[in-house]
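Let's take a walk through a protein model together, starting with its outline and ending with a few backbone details. Keep the 3D view open as you read.

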Amino acid sequence: MAKPVVLIAEELSPATLEALGPDFEVRNCDGADRGQLLAALGAGVDAVLIRSATKMDAEAIAAAKGLKVIARAGVGLDNVDIPAATAAGVMVVNAPTSNIVSAAELAISLLLASARFISPAHAALRAGKWARSKYTGAELFEKTLGIVGFGRIGQLVAARMQAFGMDVVAYDPYLQPARAAQLGVRLVELDELLKVSDFITIHLPKTKETANLIGAEALKKVKPSVRIVNAARGGVLDEAALFDALKEGRVAGAGLDVYATEPCTDSPLFTLDNVVATPHLGASTDEAQERAGIAVAVSVRKALSGELVPDAVNVKGGAIHAEIRPSLPLVEKMAQIATAIAGELPVTMEVQVRGDIAEHDSSILATSALKGALIATGSEDVTYVNTPALAEARGITSTVNSAPDSPMYRSYISLHIACAGGRSIIVDGTLMGIRKVEKIISVDGFELDLPPTDNLLFLRYADKPGMVGIVGNALGKAGVNIAGMQVARTNAGGDALMALTVDSPVSTSVVEDLKKETSAKFVQSVNLVG
C-alpha cells in the first residue's frame, strides 16, 4: 500500500521528521509561494505541516482533495481558514503549549530590559558614550506586577516574578478566584489593576472583545511610573495611544514583541529610548520550535491512523480523558451495529455511561455515536471534524448521560437509538480488563459476550431446534467461515438472538436465503468500519 503523503510547507526542526517516522511519504514545498503551494496540494496529500507563512485558506483547502489534517507547528491559527477546513472534514491541529515557556521568558526579558534601559544603554555604549546617569532604572523587588490575562503563560510569568519579590495581581474574567489564590495571586478588575500596578504585562488573545483593550482611556488610569509589556498579540495594546502616553510622560516605558500590523519596521515607538522592541520573537527559541514540530508530528500520526486527536481545534469535546479514549471506537461500532439492525438512520441517539468512567467528561461519545451511525448508512469521508454538521443536516441528534452505578461491570456503555418509523434498538458494550478489550454484552436485552470484529451476522427468530444447523449449512455452502457463534434467548421457545463472527462479509443473497430458511424476524450482516 502507498504511504500517506505529508507535505512540509515550511522549514521545521529535524526532530519533526524524526517524530513522523518512516511510515509517511514526505514532500516539501515553499508554502509562501502561492503557486508552488497550490500545485503541491493538488498533487494529493494527506496532511500539510505549516508555520506562519503558509496561508491555508478556502482556496488552498479546496485544492487539496483528500486532505485530512492541517498541522500548524505553533500556537496561532490566523493563517488557517478553520470554518472551511471543518466543512471539508479536515482536522486542524496546533501546538498550544509548545511555546508557553519561551513566550513567558521573553515577556520577562522585555520587562527587565525596560526597567533597566538595557537597549538604549547598550546602543549608547556601542556609540562610545558612557551614559550611566542617563539610564537610571527601577527595581522589581516589592513592586506590583499586573498580569492582564491569567492563562498558562500569565501563570508562568507570575511564578517567575514572585521569585523576584513582586506582588502579583491579575485580571481574567474567565478564571476562578480560587485558582488564582492557589498561585498566590489576587484577581482584580481591570481598572484596579491599571491603578495599582508598577509593571503590566499582557497575555490575552486578540479578539473583538480585547482589541485595543489597553487604549487611550485605560492609559489615563495608570501610574506615570508604570512600564507595560506586550508579548502576546498585536492590537490588544493600542500603539498610537501608548506612543502618546510615553511622549507625555504618563507611562515610563514599554517592552513590545507584537504589533497590530506585522512585519512592523517603522513604528514611531521605535524612536523612543524608553521602548525596547523585538520582532515577534516569543516562540523563536530552538526548544519551542522543536516542541512544536514534535507535537504536531505526533498529532499527524494519530490523525492519519484514525485516532481522534484530543487537542484538535475544530473537533468538539476538547481534551479527552485517557479513561474515555478507548471508548470512542467501541461506541462507533455499537452505533454501526444498532443502525444496521434497525435498517435506517436513527433520529435520536442516547449514550448512557455507567460505572467508573462516568467520573470523566464523556460528551465526545455523542459524536462517536453519530459517526458510527453515519458510516453504517453509507456516508463517506466521515470524520470527527465533519460529523456534527453531517448529522445536523440529516436531522440526527445525540446525547450523553452518566451515572456512577454499574451493577455488573466496573464500567459499561449503553446505546439507545430511535428511528423515525418507531423502531428502537439498544446495544450495550464494555471494555474488559487492563487491555480494554472491546465486547458487545447485549443487543436488545439478549446477553452476549461478542467481540466486535470486522464481519458480524445477527439473526432474531423464534427459538426452535435445528436453527444452528440451518445457519451453519447456509454459510458453509456460501464459503463463509464461522469464527464464533453465540445464541441467547428470553426463554425456551421464546425469541432468540444468534450472533456470529465470520471471516468474510455475508452477501445479500445469503442473507435473503437465511431469512427464507429460518423465518427470522430479521437477518442482518454488519461490516464494521474502523
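The paragraphs below go from the overall dimensions to the sheets, the cores and some single residues.

Please bear in mind that this is a predicted model. The protein has 17 helices and 22 strands. Its radius of gyration is 30 Å, whereas the globule rule gives 24 Å for 530 residues; the value is well over the rule, so the protein is more spread out than a compact globule. Along the principal axes, the C-alpha atoms fill a box of roughly 105 × 50 × 40 Å. Of the 530 residues, 50% count as buried. The exposed surface comes to about 24700 Å², and carbon and sulfur atoms supply 52% of that area. If you look at contacts between residues at least 6 apart in sequence, 62% of them join residues at least 24 apart.

Let's begin the tour with an open sheet of five strands, in the order S2-S1-S3-S4-S5 and with parallel pairing. Which strands stand at the edges? They are S2 (25–28) and S5 (91–93); each has a single partner strand, so one side of each is left without a neighbour in the sheet. On average, neighbouring strands here are turned by 20° against each other, with direction ignored. Inside the sheet, S1 (residues 5–8) and S3 (residues 47–50) pair in the parallel sense over three bridges. One detail to find in the viewer is leucine 7, whose bridge partner in S3 is valine 48. Helix H12 (residues 286–304) packs on this sheet and touches S1, S3, S4 (69–72) and S5. The direction of H12 makes about 170° with that of S4.

Serine 13 lies in the loop between S1 and helix H1 (14–20). Is serine 13 buried or exposed? With the cut-off for buried at under 20% relative accessible area, serine 13 counts as buried because its relative accessibility is 16%. Leaving out residues up to four places away in sequence, serine 13 touches Gln289 and Glu290.

Next come three parallel neighbours elsewhere in the chain. Strand S10 (residues 227–230) is joined by four bridges to S9 (residues 199–202), and the two run parallel. Four bridges also join S10 to S11 (residues 253–256), again in parallel.

The antiparallel part of the tour is an open sheet of four strands, ordered S20-S21-S19-S22. Its edge strands, S20 (482–489) and S22 (522–527), each pair on one side only. Neighbouring strands in this sheet are turned by 15° against each other on average, direction ignored. S20 and S21 (residues 495–502) run antiparallel and are joined by seven bridges, with arginine 489 opposite alanine 496 in S21. H17 (residues 508–518) lies across S19 and S22, at about 155° to S22.

Now look at the interior. In soluble globular proteins, nonpolar side chains tend to be buried together. The largest nonpolar core here has 71 residues, and those touching the most other members are Val6, Val300, Ile337, Met349, Leu415 and Phe458. Helix H13 (residues 327–342) gives the most to this core, with 10 residues. Beyond its neighbours within four places in sequence, isoleucine 337 is in contact with Val427, Ile440, Leu456, Phe458, Val526 and Leu528. A second, separate core has 30 residues, among them Val148, Val188, Leu219 and Ile228.

Finally, some backbone details. Most residues other than glycine have a negative phi, and most peptide bonds are trans. The peptide bond from glutamate 262 to proline 263 is cis, with omega near 0°, and proline 263 sits in the loop between S11 and S12 (275–277). Lysine 436 has a positive phi of about 55°; this residue belongs to the loop between S16 (424–432) and S17 (437–443) and is partly exposed, with a relative accessible area of 33%. Serine 519 also has a positive phi of about 55°. The place of serine 519 is in the loop between H17 and S22, and it is exposed, at 57% relative accessible area.

Terms used
Residues are numbered from 1 along each chain as its sequence is written. This is a predicted model: local features need pLDDT of at least 70, side-chain atom pairs count only at pLDDT 80 or more; totals for chains, interfaces and linings use all residues. Side-chain values use heavy atoms; hydrogens and water are left out. A nonpolar core is a set of buried Ala, Val, Leu, Ile, Met, Phe, Trp, Tyr and Cys residues joined through side-chain atoms within 4.5 Å. Buried means under 20% relative accessible area, exposed over 50%, partly exposed in between (1.4 Å probe, protein chains only). Contact means heavy atoms within 4.5 Å. Two strands pair if DSSP finds at least two bridges between them. Axes are lines fitted to C-alpha atoms, for helices over the stretch in contact, and angles run from 0 to 180 degrees between N-to-C directions. The radius of gyration is taken over C-alpha atoms; the globule rule is 2.2 Å times the number of residues to the power 0.38. Accessible areas come from the Shrake-Rupley method with a 1.4 Å probe; for residues, only the protein chains shown count as cover.
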